[in-house]
Amino acid sequence: MLDFLRGTVAQMQTDYIVLDVNGVGYRVFCSNPYVFQVDKEVQVLIHQHVREDAILLYGFKTREEQTLFRRLIDVSGIGPRVAVGILSGATPQNIISSIQQENITFLTKLPGIGKKTAQRVILDLKDKLDHIVSNDSTHDYNVAVSLDQSDVSMPAPWVEAKEALIGLGYSEKEVDQVWEVIRTNIDQNDTVETIMKRALQSLFEG
């Protein structure tokens, strides 16, 4: 089984990247492809999912995200696609905290999660996540991001999207300005992917 791939990001779409590894292009599905940069050499942590009709690769920037993904797909009713959707909706720390605190309201706001699934996730994982994220761990995308106090009140997906946009080369000032433009159109259930699309569209339109 694969654990990671190292190569150059050849292509980026809203739900996957194509990673060029020694001339072979691997399609790797990600919760947030925008944490990577096209034409940059990266190491992507991998989960290899084997089906009868396909072998699918799911990629992660951090070990905690990879481990949480694997815990999620152990829960009955949650497949890789749903697990990726969950990870696109919040940071690993927030997901883990909501499970440990039995916060069904938060969990049901994540993509693909209804009340029964949220209850099952809590029942199966509540006592199995302590080792993944420590209380003082940070969500590190290898990007120097300084989050001010105003970020604390912002939706978790936007905070993650902000990190990704800065990772793409936009300044923190540019990112904060685009937030002021799009914030009125952001719904509390919007995922990182949705917010990234709107932010990039606004940035491209200038």
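How are α7 and α8 oriented to each other: roughly parallel or roughly perpendicular? Keep in mind that this is a predicted model. Here are the numbers. Helix α7 covers residues 172-182, and helix α8 covers residues 192-205. They pack at an angle of about 105 degrees. Their axes are 10 Å apart. Angles of 65 to 115 degrees count as roughly perpendicular, so α7 and α8 are roughly perpendicular to each other.

Who makes the contact? On the α7 side, Glu174, Val178, Val181 and Ile182. On the α8 side, Ile195, Arg198, Ala199, Ser202 and Leu203. By class, the α7 contact with α8 has 6 nonpolar residues, 1 polar and 2 charged.

Now the strands. Strand β1, residues 4-12, runs antiparallel to strand β4, residues 41-50. The two are joined by 5 bridges. To find one of them, go to Phe4, whose bridge partner in β4 is Leu45.

β4 also pairs with strand β5, residues 55-60. That pairing is antiparallel too, over 6 bridges. Val50 has Ile55 of β5 as its bridge partner. From β4 to β5 the chain goes through a hairpin of 4 residues.

Last item, the annotation. An unreviewed UniProt entry places "domain: Helix-hairpin-helix DNA-binding motif class" at residues 70-89 and 105-124. What does the model show there? Residues 70-89 are 65% helix and 0% strand, with end C-alpha atoms 17 Å apart. For residues 105-124, the values are 65% helix, 0% strand and 17 Å between the end C-alpha atoms.

That's my tour. Over to you.

Conventions: Residues are numbered from 1 along each chain as its sequence is written. This is a predicted model: local features need pLDDT of at least 70, side-chain atom pairs count only at pLDDT 80 or more; totals for chains, interfaces and linings use all residues. Side-chain values use heavy atoms; hydrogens and water are left out. Axes are lines fitted to C-alpha atoms, for helices over the stretch in contact, and angles run from 0 to 180 degrees between N-to-C directions. Angles under 35 degrees count as roughly parallel, over 145 as roughly antiparallel, 65 to 115 as roughly perpendicular and the rest as oblique. Contact means heavy atoms within 4.5 Å. Ala, Val, Leu, Ile, Met, Phe, Trp, Tyr, Cys and Pro count as nonpolar, Asp, Glu, Lys and Arg as charged, and the others, Gly among them, as polar. Two strands pair if DSSP finds at least two bridges between them. UniProt positions are given in the numbering used here, feature names are shortened, and annotations may be inferred rather than shown by experiment.
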